[in-house]
Every structure is written in structure tokens, then in C-alpha cells.
Amino acid sequence: MSTTSPDLSVELTGQNKDIAVVRLTRPAKRNALSDGLILAIRDAFQSFADSVRVAVIDGEGEHFCAGLDLSELKERDAGQGVHHSRMWHGALDAVQFGPVPVIAALHGAVVGGGLELASAAHIRVADDTTFFALPEGTRGIFVGGGGSVRIPKLIGAARMTDMMLTGRVYNAADGERLGLAQYLVPGGTALDKALELATRIATNAPLTNYALTHVLPRIAEQPADHGFMSEALMAAIAQSAPEAKARVRDFLAGKAGTKVKKA
Ligand code: 1HE
């Protein structure tokens, strides 16, 4: 059953309603992630309309997300703690391995579970008000939303260890330099940039987008020998699609807008 929440909105935009903007709408609590909000995120990413080709996730107010709703942090026994963390894993897996590429538009605090959520996106755009931190270490807890798996892939285990041991906060420029975000933009423009990227991504062949979000991360985890074989299989499937043949034909025919341009 689909969970709705007053703390989450989903709006379809773009030509043909092909971009879903998923917005955390709990600014009074800095978009802290309650259990209800985490389940609503899971359900939103599992139930997009067929028209959706790309999703953008952002947060209302001055901060993207303050992480786990600490007011819900109550006594749990070990078993309940495992289930709670696995619930987060299910939700953020729905983001990373959902039907479409996901762009996170970041500003203000991207901390704790907020950084775990952002890490599940495929592209992160940070405006210059963004700051990144993992306060779990100083709060006597640990990441539980997949951060220990995803964040070291972005910045390495050593930097994540430092963030958690010392409470280190990275500003937007340093975050982009390290790999916490792929784009750095002026304050207040992260959503615009994310929508610009989404518009471009929506014109890709859906099968290529699927290969990039579902196959590439798995190849990256495989031994090289297995990875080469997976790559060959995916390449063969992608290039055999009629859409791929038409796109290559357009380039060979010199059709406008098909040439790679200097950055
Ligand atoms: C919250 C939360 C929250 C704010 N849970 N209520 N995350 C943290 O340790 C980060 C905690 N938050 C902060 O450090 C700051 O709130 C911010 C830097 C994000 C923003 O500061 P500011 O000055 O804009 O807001 P504020 O005055 O601190 O907070 C406004 C309200 O939001 C206030 O409630 P109010 O009723 O007194 O108005 C805060 O209590 C509330 N609020 N953040 C609950 N996180 C899967 S495991 C993941 C583990 C983690 O994520 S641990 C890290 C948790």
C-alpha cells in the first residue's frame, strides 16, 4: 500500500510530465526524516507515473535535510534497531535502484541521514550554501541508512571516518572537490540546475539510463573479468535497440545537434 505524508510532495513537470520533483516539505523541522517520511519516500519512488523519465529530490526551506528525526530516536532493542535500519535501506534502495535516474538538489544542511539520502541519488547538485556533515559520531550513534556503503564510494573510507570521528563539516566547494557533489552552483539555483540536467537526461534512451543506474554500479562491484563480460552483454543489448540505431543514424547523417561540443 502506498504511504502518503504531509511532509512529502511529488509534482510532475517538464514536457510530457517526464520529470518528477520529489520534495521534502517539513521545513519547520529542517526536513528531518521521520519513519513516516522515509516510508513515503520509498513509496513515491516505487509508484511514479509511466511518463516519468527522471526524478529530482529537493527540500523546502533553508536546508535540504537534517537527517534522522532525533525526536523518534527511542529505546530500541538490537532486533528493532536492525529492522529500523533495514527499513531505511529499503527506502534508499528504492531511490538508487528505482525506475529512473535521480538528481539531488542540495542546499543548507545535508547532514546525517540527509547525506545518506543524497548519496542514494545518481547526481548531486550543491548550491554554495550547502554543508555536509555526519554528526552521528558525536551523537553516539552510527549511520544506518546505507551511508557506510555509499559514502566511502564517493569520498573514500578515510574521509568518512574523519567526518564521523571529528564531526568535521565540509562546505559546498570542498564537498564538490571531494566528490560529495558533481556540480557546484550559486546559492538558490540548485533546483534550476537539477531541472536543466533532468531535462537533458530525459532525452536519453531509457535503456541507456537504466544501464547507467542499474548495471554500471553492479559492474563496478564485480571482479574485472566478470565486469568485462557484464559490460559486453549490456553493450550488446543497448546497441540492438531500434532507438540506438536511429540515434547513430542521425549522427552519421549529420543531423543538427548530434555532435559532441567542446565544454
Ligand atoms: C530536528 C532535527 C532532527 C532539526 N531531528 N528535529 N541530525 C543531526 O544531528 C542534525 C541536527 N540538526 C541541526 O544540527 C540543526 O537543526 C541544523 C544545522 C540542521 C539546522 O539549524 P537551524 O538553526 O536552522 O534549526 P534548529 O533551530 O536547530 O532546528 C529547528 C527545529 O527543527 C527545531 O525544533 P523546534 O520544535 O525547537 O523548532 C529542531 O529541534 C528541529 N530539528 N534537526 C529532529 N535531526 C539512518 S540513521 C541516520 C542518523 C542521523 O541522521 S544522525 C544525525 C541527525
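This is a predicted model: local features need pLDDT of at least 70, side-chain atom pairs count only at pLDDT 80 or more; totals for chains, interfaces and linings use all residues.
Local features require pLDDT of at least 70 and side-chain atom pairs pLDDT 80 or more, while totals for chains, interfaces and linings use all residues. Residues are numbered from 1 along each chain as its sequence is written, and side-chain values use heavy atoms, leaving out hydrogens and water.

Six strands build an open sheet. Their order is β1-β2-β3-β4-β6-β9, and the pairing is mixed. Strands are DSSP runs of E with at least two residues, helices are runs of H or I with at least four, and both are numbered from the N terminus. Two strands count as paired if DSSP finds at least two bridges between them. Strands β1 (8–13) and β9 (183–185) lie at the edges, each pairing on one side only. On average, neighbouring strands of the sheet are turned by 20 degrees against each other, direction ignored. Strands β3 and β4 (residues 102–106) pair in the parallel sense over three bridges. Ile-57 has Ala-104 in β4 as its bridge partner.

Helix α1 (residues 35–46) lies across β1, β2 (19–24), β3 and β4. The helix runs at about 25 degrees to β1. Contact means heavy atoms within 4.5 Å. Axes are lines fitted to C-alpha atoms, for helices over the stretch in contact, and angles run from 0 to 180 degrees between N-to-C directions.

A salt bridge requires a side-chain nitrogen of Lys or Arg within 4 Å of a carboxyl oxygen of Asp or Glu. The count by this rule is twelve. Asp-7 bridges to Arg-26, with the closest N and O atoms 3.8 Å apart. This pair links distant parts of the chain: Asp-7 sits in the segment before β1 and Arg-26 in the loop between β2 and α1, 19 residues apart. Asp-7 is buried, with a relative accessible area of 18%. Arg-26 is also buried, at 18%. Buried means under 20%, exposed over 50%, and partly exposed in between (1.4 Å probe, protein chains only). Asp-7, Arg-26 and Asp-69 are linked in a network of salt bridges.

Lys-153 and Glu-221 form another salt bridge (3.1 Å, N to O). Lys-153 belongs to helix α5 (residues 147–155) and Glu-221 to helix α9 (residues 206–221), 68 residues apart. Both residues are exposed.

Leu-70, Leu-73 and Ile-141 form a nonpolar surface patch, with about 220 Å² of accessible area together. Leu-73 lies in the loop between β3 (54–59) and α2 (78–96). Leu-73 is partly exposed, at 38% relative accessible area. Patches are made of residues with over 30% relative accessible area and no salt bridge; like charges are joined within 9 Å, nonpolar side chains (Val, Leu, Ile, Met, Phe, Trp, Tyr) within 5 Å. Accessible areas come from the Shrake-Rupley method with a 1.4 Å probe; for residues, only the protein chains shown count as cover.
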